[in-house]
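User: I'm new to looking at protein models. Could you go through this one with me?

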Amino acid sequence: MKADAWLKRAHATETGAFRRVIVSNAADLNDADSLIDLETNLRAPRTTIVTEPAARGQSMKSYLTHLECTYCHGTFSADEPQRTCPDCSKVLYPRYDMAAAKAGFDRDALPSRPANMWRYFEMMPVRDEANVITLGEGYTPIFKAERLGPEMGCSALYIKDEGLNPTGSFKARGLSAAVSKAKELGITKLTMPSAGNAAGAMTAYAAKGDMEAYVFMPRDAPDSNLKEVAITGGKLTLVDGLITDAGRLSRQKAEEAGLFDISTLQEPYRVEGKKTMGYEIAEQMSWTLPDAIIYPTGGGTGIVGMWKAFEEMEELGWIDGKRPKMFCVQSEGCAPMVRAFREGTEFAEPWQDAQTVAAGIRVPSGIGDYLILRALRESSGGAVTVTDDEILWYMKQVASLEGMFICPEGAATAAALSKLLANQELSPDDNILLLNTGAGLKYLELLESVGA
Ligand SMILES: Cc1ncc(COP(=O)(O)O)c(C=O)c1O
Ligand SMILES: [Zn+2]
């Protein structure tokens, strides 16, 4: 797309907090609608009171109706605890009354709401606002890569910075949603395996919600993840192995001790938090979508969540049918999705001896494999691997050109972009969005490798 976007910063007058918004292209600024968008965006407070998830003076109602299996299409109640499909063991998705939502949820209501992911409450699975456990997650800025873009030959390159979330990664979104819904369903004890960042997010939200949290994490997960679990009072078990080994132990512990296991996509609600990235991208880009999104894929909840958001927004009439090409990036040392995409299979075989410096994408297999592969194929996107050296090089490159200390998983998207440009899967004129999923500050032990 030809659009050249500008980034604006504005003081949110009520809080004094800095808020960054992306505004539409130069041509759009000449039309009245875009000017109104810009003005209302600039007036929206970053958060009024951080603990207040929703909109002051407006009561919000979730249009949640039921859960639907993404594989056999069986339907189930969303008002009792559920994990995977009782019939086929695949992923359950929350579904909403879309006709009522289309009539009752106007996107023009959004600008006056607090800038966190609960602004999309009507399309979120929690029924009562009082059950929302929030630390202010979401509504992260999209920056134009003013120096990295030209350096890579791109005229319209953007980075959405999920490192600015509470707990320093986009995992905050999924866990705010899942822990809130668990609270609403009366669950008080949670367990989960994690590559690292999800664990820190889970224990933070559990602490705020006064719930008990157990986590199972590979022994060599980033040090920051171990420390954030400890300080938020999580009960941590370190595992000699990978996230898949941690998953087995977490499920075992759940059975023994009566805990609820919230492994990603093995309960229906983490994806609802992650899908808000998709809503935000559309809202921040004035209800258009980029030509391509590049996403570092582990269990895949982020990529399938954004795809779900695009489907929902189309049904709501908020966006047209033009969707981005979705690209999944994985490391050469752990690339089950890339291999399955290339082989044209519906599911992905587990990857043996998974290794990469990007801990969040060291995920040898996941229950959402068929959903990731569907999104890549339906969007005419693709899948690409990068090496650890390329990841580390792009960490430095993005930091030194853009001032953004991004995580290795985020750096993998820039490395992937250079390959997709070289093999002409993407063109220099495309409007391209990279997802930086976390803060580089959580990976200080990697600094030596990037030569900083
Ligand atoms: C920083 C970071 N990026 C990406 C991922 C992969 O996310 P997903 O499971 O949504 O594919 C993770 C997962 O732990 C992560 O921590
Ligand atoms: Zn099913």
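User: Which residues have the most contacts inside the largest nonpolar core?

Analyst: Quick note before we start: this is a predicted model, where local features need pLDDT of at least 70, side-chain atom pairs count only at pLDDT 80 or more, and totals for chains, interfaces and linings use all residues. Residues are numbered from 1 along each chain as its sequence is written, while chains are lettered from A and ligands numbered from 1 in the order in which they are written. A nonpolar core is a set of buried Ala, Val, Leu, Ile, Met, Phe, Trp, Tyr and Cys residues joined through C-beta atoms within 7 Å, and buried means 20 or more other C-beta atoms within 10 Å, with C-beta atoms placed from the backbone (12 or fewer is exposed, in between is partly exposed). The largest one here has 134 residues, and those with the most contacts are Met202, Ile294, Phe327 and Ile432.

User: Which helix gives the most to this core?

Analyst: Helices are DSSP runs of H or I with at least four residues, strands are runs of E with at least two, and both are numbered from the N terminus. The top contributor gives 8 residues, and that's helix 9.

User: In what order do the 4 strands of the open sheet come?

Analyst: Two strands pair if DSSP finds at least two bridges between them. Strand 9 and strand 10, for instance, run parallel and are joined by 5 bridges. The edge strands, each pairing on one side only, are strand 10 and strand 11. With parallel pairing, the order is 10-9-8-11.

User: Which residue in strand 10 stands opposite Phe216?

Analyst: Strand 10 covers residues 235-239. The residue facing Phe216 there is Thr237.

User: Is Ser380 buried or exposed?

Analyst: Ser380 sits in the loop between helix 11 and strand 14. It has a positive phi of about 55 degrees although it is not a glycine. Most residues other than glycine have a negative phi. Because Ser380 has 12 other C-beta atoms within 10 Å, it counts as exposed.

User: And Gln424, what is its phi?

Analyst: Gln424 lies in the loop between helix 13 and strand 15. With 8 C-beta neighbours inside 10 Å, Gln424 is exposed. Although Gln424 is not a glycine, its phi is positive, at about 65 degrees.

User: Which buried residues does helix 10 have?

Analyst: Helix 10 runs over residues 336-343. What covers its buried residues includes strand 13, helix 11 and strand 14, where contact means C-beta atoms, placed from the backbone, within 7 Å. The buried ones are Pro336, Met337, Val338, Ala340 and Phe341.

How values were computed:
Contact = placed C-beta atoms within 7 Å.
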